[in-house]
Amino acid sequence: MTETYRLHVNGSAVDIVDPVPGQSLMTVLRETLGLRGTKSACSEGECGSCSVLIDGELMCSCLVLAASAVGRSITTVEGLSHDGTTDLQRAFVDAGAVQCGFCTPGLIVAAHSLLERQPDADEATVREELAGNLCRCTGYGRIIDAIHQVAIARRGGA
């Protein structure tokens, strides 16, 4: 007998056929659905590289059982834009906030979440919001600059 459950990922319904019991959402996104932007690093919710939005809330997908996400809206870094790169992605590149790139998708998702909720976030708030995302290459200054530039641009350059 075949088991199936349906996830709603990046605006599309996808059926997960014969799922592995207890499999994390991160594993299903990466291995079953091929969404490699969700990175696999610590598998303990400590690094933020697997960050996704579930019903608009930032979560580490390594800590979420895939089957528990049935009926919820899941957005990965790939789902943030349907027509190319986002303003955040461009800002990260322009500000030099991308080096090895491993942490970048999780940081983009976290920054997107923050700017959706607090478009006028100050530097202290940005640093606090990004505290769950580890980056070993950039030192965070350029990441914060990129987020700040997007916030300004979204406000119309004010």
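This is a predicted model: local features need pLDDT of at least 70, side-chain atom pairs count only at pLDDT 80 or more; totals for chains, interfaces and linings use all residues.

Contact here means heavy atoms within 4.5 Å. T75 is found in strand β5, residues 73–75. Leaving aside its neighbours within four places in sequence, T75 is in contact with N10, V52, L53 and L80. At 19% relative accessibility, T75 counts as buried, because the cut-off for that word is under 20%.

One of those partners, N10, deserves a look of its own. N10 lies in the loop between β1 (4–9) and β2 (12–17), and with 17% relative accessibility it counts as buried. Its backbone is worth a glance too. Most residues other than glycine have a negative phi. N10 is not a glycine, yet it has a positive phi of about 50 degrees.

S43 also has a positive phi, near 55 degrees, in a residue other than glycine. S43 is found in the loop between α1 and β3, and it is partly exposed, with a relative accessible area of 41%.

The loop between α1 (25–32) and β3 also holds T38.

Now for the helices. Helix α3, residues 104–117, has 14 residues and reaches 20 Å from its first C-alpha to its last, close to the 20 Å expected at 1.5 Å a residue. Twelve of those 14 residues are buried, so α3 is largely enclosed by the rest of the structure. The buried residues of α3 are T104, P105, G106, L107, I108, V109, A110, A111, H112, S113, L114 and L115.

The C-alpha atoms of R117 and R154 are separated by 13 Å, with the two residues 37 apart along the chain.

That brings us to α5, which has 14 residues and reaches 20 Å from its first C-alpha to its last, close to the 20 Å expected at 1.5 Å a residue. Buried in α5 are I143, I144, A146, I147, V150, A151 and I152. An α-helix has 3.6 residues a turn, so residues three or four places apart point the same way. The buried residues of α5 pack against α2, α3 and α4. Just after α5, G156 takes a positive phi of about 90 degrees.

Next come the cysteines. How many disulfides does a search of the whole structure find? The search finds zero. Two cysteines show why. C60 counts as buried at 17% relative accessibility, and C62 is buried with a relative accessible area of 12%.

C100 sits in another setting. C100 is found in the loop between α2 and α3, and it is exposed, with a relative accessible area of 57%. The C-alpha atoms of C100 and C135, 35 residues apart along the chain, are separated by 9.3 Å.

C100 and C135 are both part of the lining of the largest pocket, where our tour ends. Rolling a probe the size of a water molecule over the atoms shows where empty space is left. The largest pocket has a volume of about 180 Å³. Its lining is made of A41, C47, S49, C100, F102, C103, L134, C135, R136 and C137. These lining residues divide into eight nonpolar, one polar and one charged.

Methods: Residues are numbered from 1 along each chain as its sequence is written. Side-chain values use heavy atoms; hydrogens and water are left out. On a 1 Å grid over the protein atoms alone, a cavity is a set of points where a 1.4 Å probe fits but cannot get out, and a pocket is an open set with protein on both sides within 12 Å along at least five of seven lines; lining residues have an atom within 4 Å of a point. Grid points are joined across faces, edges and corners, and a volume is the space filled by probe spheres set on the points. Ala, Val, Leu, Ile, Met, Phe, Trp, Tyr, Cys and Pro count as nonpolar, Asp, Glu, Lys and Arg as charged, and the others, Gly among them, as polar. Helices (H or I, at least four residues) and strands (E, at least two) are DSSP runs, numbered from the N terminus. The expected span of a helix is 1.5 Å times one less than its number of residues. Buried means under 20% relative accessible area, exposed over 50%, partly exposed in between (1.4 Å probe, protein chains only). A disulfide is a pair of cysteine sulfur atoms within 2.5 Å.
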